[in-house]
Amino acid sequence: MHPRDQTIFALSSGRPPSAIALVRVSGPQAGLALTTLAGKLPALRQASRRLLRDGAGQPIDDAVVLWFPGPASATGEDVAEFHVHGGRAVLSALLAAISNIPNTRAAEPGEFTRRAFENGKLDLTEAEGLDDLIHADTDRQRRQALRQLQGLLGDRARDWRERIIEASALIEAGIDFSDEGDVPAELRAPAVKAIKALHDEIAKVLAAQGQAERLRDGLVVAIAGPPNVGKSTLMNQLARREVAIVSPHAGTTRDVIEVQLDLDGYPVTVIDTAGIRETDDPVEQEGVRRARARAEDADVVLWLTGPEAKVEERATGTAPVWMVRNKIDLGVSAVGVDADRSFAISARRGDGLPELINALVEFAAECFGTSEGALVTRTRQRDLLHRASDSLRRSLELVEEGEELAAEELRAAAYALGRLLGRVDVEDVLGAIFQKFCIGK
């Protein structure tokens, strides 16, 4: 039996132990699994309390079960759900009992969502939105992912593809009636008008995307500077927990430490790096090398110094550098240093940190731009829309030279949108997308 014809099952809730655990079964044997364990099928889409028993008749748990016959289910197949107590022993017994059902196996990562895609329950842009929703760390990421899951891009792409096919039909009809004088010209005019409108719409979407794609990955902020100036203390203050070792001895931080923050809904990765200085210690030398590399790749560098900063102390790279003078609680007057922006703080006491954090939030807002309502959130989506737009443009340029060439470009545009939706020739990208899902989703 082909793996796609087998019934799959998995724990679809968090790791045990937990108050309640959800085990989902999808495929032709889902009904058999439900009747075997629960005695009989419950009413459609209604929660029913049942005592679950294994194949030997031994009780497993007092549970709630649901039955969703296909195709009116999340995956388009027969689906059974078992809501049980979330203890490890309960789950182990339940999963073992389900695995004994013929042609039933444990699901692979993302296999439930992939079956939903293959059965037409969602398109590829919606599946990508679901993936982004699962991995969303901030509220802005959540809202963006939810819009994709609800079909923000997919609905538009389907409409564009249908209109391209209609325009293509007019162009090809002109080819069929090419021997009848004015007929091709009469068909060409509305087709050209439709193609131009489509090209303008897609070009407008591509031009107005801002930084929606970057919102998925977030902003990278590197804390850099010489040793023993309070970089790890600042890192702990921003994270609001002890993530880095603080020591009065220079060179304590040898490797790059990262922490994920949510700043007003913007995802920010803050990096604590080794103190940058000349050293004979090979381990510290590697830490300094990594610190310089991460600072060069960051979106903004917080160059931390003591209150008596020297002018030559600057980070390298193209990222903007903010000079952050630490230890102002010591009462030493600061020396002016050239930087994109300057701040004075006490990482130990927290003085000046609200102003620094507010500046980072403003910087993040500028970097991410207006992502609210953005249609394109992935490079794959943007590349395929560019292909469709380019094909539409070429079809307009070629329509006067010959309907055959214009019709071929329209087919290419429709094909690109079909790939965007995952309806044609996308087997090469499915594995890359769905393997990142968690098991049970």
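Predicted model: local features only at pLDDT ≥ 70, side-chain atom pairs only at ≥ 80, totals over all residues.
**View 1. The pairing of strand β10 with strand β7.** Strand β7 (residues 219-224) also pairs with β10 in the parallel sense, here over four bridges, and within this pairing A222 has V301 of β10 as its bridge partner.

**View 2. The two sets of side chains along strand β10.** Strand β10 (residues 300-305) is mostly covered, with six of its six residues buried. V300, L302 and L304 point one way from the strand, while V301, W303 and T305 point the other way, and the residues of both sets are buried.

**View 3. S232 in helix α9, a position with a UniProt annotation.** According to the unreviewed UniProt entry, the annotation "binding site" covers S232 and T253. S232 lies in helix α9, which comprises residues 231-239, and its relative accessibility is 8%, so S232 counts as buried under the 20% cut-off.

**View 4. Helix α12, its span and its buried residues.** Helix α12 (residues 379-398) has 20 residues, which at 1.5 Å a residue should span 28 Å, and its end C-alpha atoms are 28 Å apart, so the two values agree. The buried residues of α12 include R380, Q381, L384, L385 and A388, and also among them are S389, S391, L392, S395 and L398.

Key:
Residues numbered from 1 in each chain as written. Heavy atoms only, no water. UniProt positions renumbered as here; feature names shortened; annotations may be inferred. Buried < 20%, exposed > 50% of the residue type's maximum accessible area, 1.4 Å probe, protein only. Pairing = 2+ DSSP bridges. Expected span 1.5 Å × (residues − 1).
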